[in-house]
Amino acid sequence: MNLWDVLRSEVALSTVLGGAYLAILCLLVPFGLHRMRLIWLRFTRRRPAVAAEWKGDLPFVTVQLPVYNEATVVERLIDAACELDYPRERLEVQVLDDSDDETVELAAARVSRWKSDGVDIRHLRRRGRDGFKAGALAAGEKVANGDFLLVLDADFLPPKNLVRRLLSPFAEPDVGAVQAAWGHLDADQSWLTRAQALFLDAHFAIEHEARYRSGLFFNFNGSAGMWRRRCVGDAGGWQADTLTEDLDLSYRAQLAGWRFVYLDDVRVPAELPDRMRALELQQERWAQGGIQTARKLLPGLWRRSLPLAVKLEATAHLLGHAVHPLTLALGVALAAFGFSGSAGELLPAWVHVAALGLATVPFVSFYAVAARLRGVGPTASVRRVLEAMILGLGLGVPLAGAVLRGLTRTGTGFRRTPKRGAAERRRYAATSDPVALAVRGSLGLLLAGAVANLVAAGMLAATPFTGLFAAGYVAATRESVRRDPVDHE
């Protein structure tokens, strides 16, 4: 091969890489614009009026506590549920226990203690875990006495007035579910928990609030929400054909004509995963389940006579996790492009600056607004937004895989999120996926090398965007290989 062929092949490669880079950016733009639209809706729409209080005799309420191997948190969960401020003669507590470890004995002892104190509480055990959480909730619903069902996951600590706060909007007969915002028990523990807290704050303070104010579909979040029992049955009940049974039932209920209410001023704190693999298990479940729910419900939703705005937002919501394979592909393109000798000639500086703006400004704005809505100061907001961006990018490898599993019917089963709880020793630990760890670590090294190459080549305009991706993969890899001296399976 002569010199001309070498030069031509290099330019051809750079052209392909540059084209892929720009194409992926174009595909990401709608996701960013959707974030900006949610911000706009959040501040330009008024909250719908809802009933301020329940009138008449208080209804019977069933509190459902689905647990599976939750030894570190099950006792405080049962205590919190039994201490709810609601007449005991109108309240029952169901401990829906599918555990196969010491959780069973701990829960049984706690249930016995509260039962002797006059609380209507039952420890319900199934022969198997058919349907996982959806199956447990469905089994509990069959024997529940309540007209309303409050669901609390194992890592939540409800305020004592939660039942009364969530009950009020049900005074309107078309309300099928009421969702509270999630708070955080350990948001300031590390950069990992701070970033997660901002993710959730943005979801509730902007996404939920915008959709609720605009009359668009939004979802029950699996915990810290209450259902009208008749709504659950009318929508077809809990189903286990997706990993996000909460999202699935939410959309089926709203398609059946039920209205949902979101109360942003009611906060229920919960534990955030404090290790990368625990977080990955949670996020993989949500990503895979979200895509499964989209495949299940979107075709029928588009055939329904609904406002176009509802259909478009439902599509954007249910397919939102598709952003993960795109950001992973962009990271690969950036790594390859950063080592391309003619990258600077192919794409001028303004293209890199525009790419940085189009792909990051909407997401930075989204998280910055959420931080301010939750009362975070300007300096802390800058740090938290950067941490959230880094974590979001670092999760790209496992979440891209989860999205592909949701698309191809090769999904995994329901895998619980390990929780630290209040125990002195960690009883549950999650082992990192070696393949995902290797891919993420390799990509982090390649992106770091690409940054160094771009700086050496004088292509400074391309370094901030590439550097952000490098930081995400390097930081996530570092968290994945962390060892806690008290961890054990």
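I began with α2, whose buried residues are Val74, Leu77, Ile78, Asp79, Ala80, Ala81 and Cys82. I took buried as under 20% relative accessible area, exposed as over 50% and partly exposed as in between, with a 1.4 Å probe and protein chains only. The model is predicted, so I kept to its limits: local features need pLDDT of at least 70, side-chain atom pairs count only at pLDDT 80 or more, and totals for chains, interfaces and linings use all residues. Residues are numbered from 1 along each chain as its sequence is written, and side-chain values use heavy atoms, with hydrogens and water left out. Helices (H or I, at least four residues) and strands (E, at least two) are DSSP runs, numbered from the N terminus.

**Helix α2**

I noted that α2 spans residues 74-82 and has 7 of its 9 residues buried, so it is largely enclosed by the rest of the structure.

**Cysteines**

Cys82 is buried at 7% relative accessibility. Cys231 is also buried, at 0%. I searched the whole structure for disulfides, that is, pairs of cysteine sulfur atoms within 2.5 Å, and the search returned 0.

**Positive phi**

Most residues other than glycine have a negative phi. I logged Asn69, which is not a glycine and has a positive phi near 50°. Asn69 sits in the loop between β1 and α2 and is buried, with 10% relative accessibility. I also logged Phe132, another non-glycine residue with positive phi, here about 55°. Phe132 belongs to helix α4 and is partly exposed at 30% relative accessible area.

**Helices α9 and α15**

How do the axes of α9 and α15 cross, and within what distance? The axes of α9 (residues 276-303) and α15 (residues 396-408) come within 8 Å and cross at roughly 30°. The axes are lines fitted to C-alpha atoms, for helices over the stretch in contact, with angles from 0 to 180 degrees between N-to-C directions.

**Thr242**

I found Thr242 in the loop between α7 (229-234) and α8 (245-255). Thr242 is buried at 5% relative accessible area. Its side chain reaches the backbone nitrogen of Thr244 at 3.2 Å. Leaving out residues up to four places away in sequence, Thr242 touches Asp248, Gly289, Gln292, Thr293 and Lys296.

I placed Trp227 in strand β6 (residues 225-228); Trp227 is buried, with a relative accessible area of 0%. Gly128 is in the loop between β3 and α4 (132-143) and is partly exposed at 32%. For Gly128 and Asp100, 28 residues apart in sequence, I recorded a C-alpha to C-alpha separation of 9.9 Å.

Technical notes. Polar contact = N/O pair within 3.5 Å; in protein donor to acceptor, adjacent residues only side chain to side chain. Contact = heavy atoms within 4.5 Å.
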